[in-house]
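Here's a quick briefing to read alongside a protein model. Keep the viewer open and look up each residue as you go.

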Amino acid sequence: MTSQIAFVGAGPTTIYTLHALLNRKPRPFALTIFETQPTAGRGTPYRPGWNDPAMLSNIASIEIPPLEETLIEWLNSQAPGRLVDLGIDPAEIGERTFYPRLALGEYFYDQFQALLERARGQGIAVDVRTRCRVVDAVSEPDAMCLTVRARSGETSEARFDHVVLATGHQWPEDPQVRAGYFLSPWPATALTAIPPARVGIRGTSLSAIDAAVALAVANGDFIDDDDGILTYVPARGTGEFHMTMMSRKGLLPEADFFAPLPYEPLAICTPEAMDALIAADGLLLDPAFALFKQELMVADPDYAQDIGIAKAELEDFCERYFAARADTDPFDWAEANLAEAARNYAAEYTVPWRYAILRMHEVLALIVPHLDAEEYRRFAKHFKPVFVDDYATVPHESIKRMLALHRAGKLDVIAIGDAYQIDSHRPEGGASVSANGERHDFPVFIEATGQRPLHAKAFPFPSLLDQGIVRDAQPAAPSAESRGIAIDDRFHPISDDIPADQLFCLSLPFLLGRHPFIQGITSSHEMGLVVAEQLAAAIERGSGEADQPAVAA
């Protein structure tokens, strides 16, 4: 019997899962990959059109798990002209360099093609169906039935023994849902069509920086001056162009900091310590925070004393962590932080407290699926923001661009607190933001707060909802942050109504509640290892019951 396996989506998660599966050298099976785009193998965060050529990835080469070759090996094998076209200086290739998103898309595309060639060499029947959208999925006793809509609009059904849902981020195809109001900054081509105007951007992290960069290059140019300082030169006729980024605290992300990789082991706040807390079957968050504090005090006693970590409660720590930045102009802080990060990179010096928090975010993530509703609320509000800020640092070039835009009078950052209101239903379009007793009117407004965890009701395959196979992990009030769908630690939907290993859900927005620190490429690699192990075992068991998937109009 030949096992029939389908992947829905052809981005990095599918690529890393397939890579891990092929490395296990399973006996031949039939592989079908569905992709809505004209080409497969890049993924939404890295494909042309969706991203502006100026947008940078926020993962350094050294952090990207290798596929058929490492990113550095691939870059060094490219013709200089191709690298220049991708925005890369051939003389500046390095393992800690950040590259344009589109360059990573080309890397993944080439690796995907190499993986397909290897799969065929291993006797695997490969069928990549582009311009096809899977619109529904139904669990049957002996197969998963997918409903597929081709570009022509014609639908068909195909049955598979195992299906991996790797549909990635979930954004509207047209982000402009009302005149001048954009639900997301993607695709970037939608932003470049915006005429010069006052633009409000909700968010100050990487998604907001992506939006600001796309708008900036549509209205001018970034230029290195004779002193090596990046400047922004507006184009003629763009005098009305100005951006205001806003968030609760009004803080820009910090510049990427030097840290040893792979991570050095922790001494106190360890995975074993978290496992022990979980096994004790009691409250988790405060005991875990106590271990966090102890680790931080050991790692960097001076920093721990400066912020008073020893006596801090969980609710205090987040405010103490951000206090100095919140009291400083965001661009003054960004300039000083960038200079510090550059010095530390040159000296290969690691700031101990930053590195300790960076390593602990993956450890603390272990308790998240086990938190009760109140503990999860406290975690999301008072603890998670610290970890996100620490690991979601951005390339130095991104900070330089924000500083250049501010110096040119084209970018401001404001804090809007917690009690702000946004009116996006104005007759004239755009949006108005009311915060701190002031009102800010914008002809154009862009939501750029990144991917949020989604409730089960947003799941794109309705029959799985109707069957009760996909459901919310925990019922919550409509205003509460979603905890995602109910899945186990091997990415199976938790349901008695579906055969084991029939379905794996690796769709990012529905995992963020359980896995709040999913970080793109590295998480794609880690999830791929888990799922590939199970697929290889299923293939070995010979669970398939047909040589080819049944297809019916």
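Let's start with Cys269, which counts as buried at 0% relative accessibility (buried means under 20% relative accessible area, exposed over 50%, partly exposed in between, using a 1.4 Å probe and protein chains only). By the way, this is a predicted model, where local features need pLDDT of at least 70, side-chain atom pairs count only at pLDDT 80 or more, and totals for chains, interfaces and linings use all residues. Residues are numbered from 1 along each chain as its sequence is written, and side-chain values use heavy atoms, with hydrogens and water left out.

**Cysteines**
- Cys318 is buried too, with a relative accessible area of 2%.
- The structure holds 0 disulfides (a disulfide here is a pair of cysteine sulfur atoms within 2.5 Å).

**Confidence**
- The chain averages a pLDDT of 94, and 97% of the residues score at least 70 (pLDDT is the predictor's confidence in each residue, from 0 to 100).
- Watch out for residues 543-553, where pLDDT stays under 50. The model has 28 contacts beyond four places in sequence for that stretch (contact means heavy atoms within 4.5 Å).

**An open sheet**
- Helices (H or I, at least four residues) and strands (E, at least two) are DSSP runs, numbered from the N terminus.
- Six strands, in the order S8-S9-S18-S10-S13-S14, make up an open sheet with mixed pairing (two strands pair if DSSP finds at least two bridges between them).
- At the edges sit S8 (176-178) and S14 (411-415), each pairing on one side only.
- S10 (residues 198-202) and S18 (residues 444-447) pair in the parallel sense over 4 bridges. Val199 has Val444 in S18 as its bridge partner.
- Helix H14 (residues 396-407) lies across S13 (242-247) and S14, running at about 100 degrees to S14 (axes are lines fitted to C-alpha atoms, for helices over the stretch in contact, and angles run from 0 to 180 degrees between N-to-C directions).

**Nonpolar cores**
- A nonpolar core is a set of buried Ala, Val, Leu, Ile, Met, Phe, Trp, Tyr and Cys residues joined through side-chain atoms within 4.5 Å.
- The largest one has 75 residues, and Leu104, Phe108, Leu146, Val163, Phe459 and Leu464 touch the most other members.
- Helix H4 (residues 101-121) gives the most to this core, with 8 residues.
- Another core, of 45 residues, lies apart from it; Leu285, Trp353, Phe383 and Phe387 are among its members.
- Beyond its neighbours within four places in sequence, Leu146 has contacts including Ala6, Val8, Phe34 and Phe160.

- Most residues other than glycine have a negative phi, and most peptide bonds are trans.
- Trp186 and Pro187 are joined by a cis peptide bond, with omega at about 0 degrees. Pro187 is in the loop between S9 (181-182) and helix H5 (188-192).
- Leu261 and Pro262 are also joined by a cis peptide bond, with omega at about -5 degrees.
- Arg131 isn't a glycine, yet its phi is positive, about 55 degrees. Arg131 is partly exposed, with a relative accessible area of 36%.
- Is Asp501 buried or exposed? Asp501 counts as buried at 11% relative accessibility, and its phi is positive, about 65 degrees.
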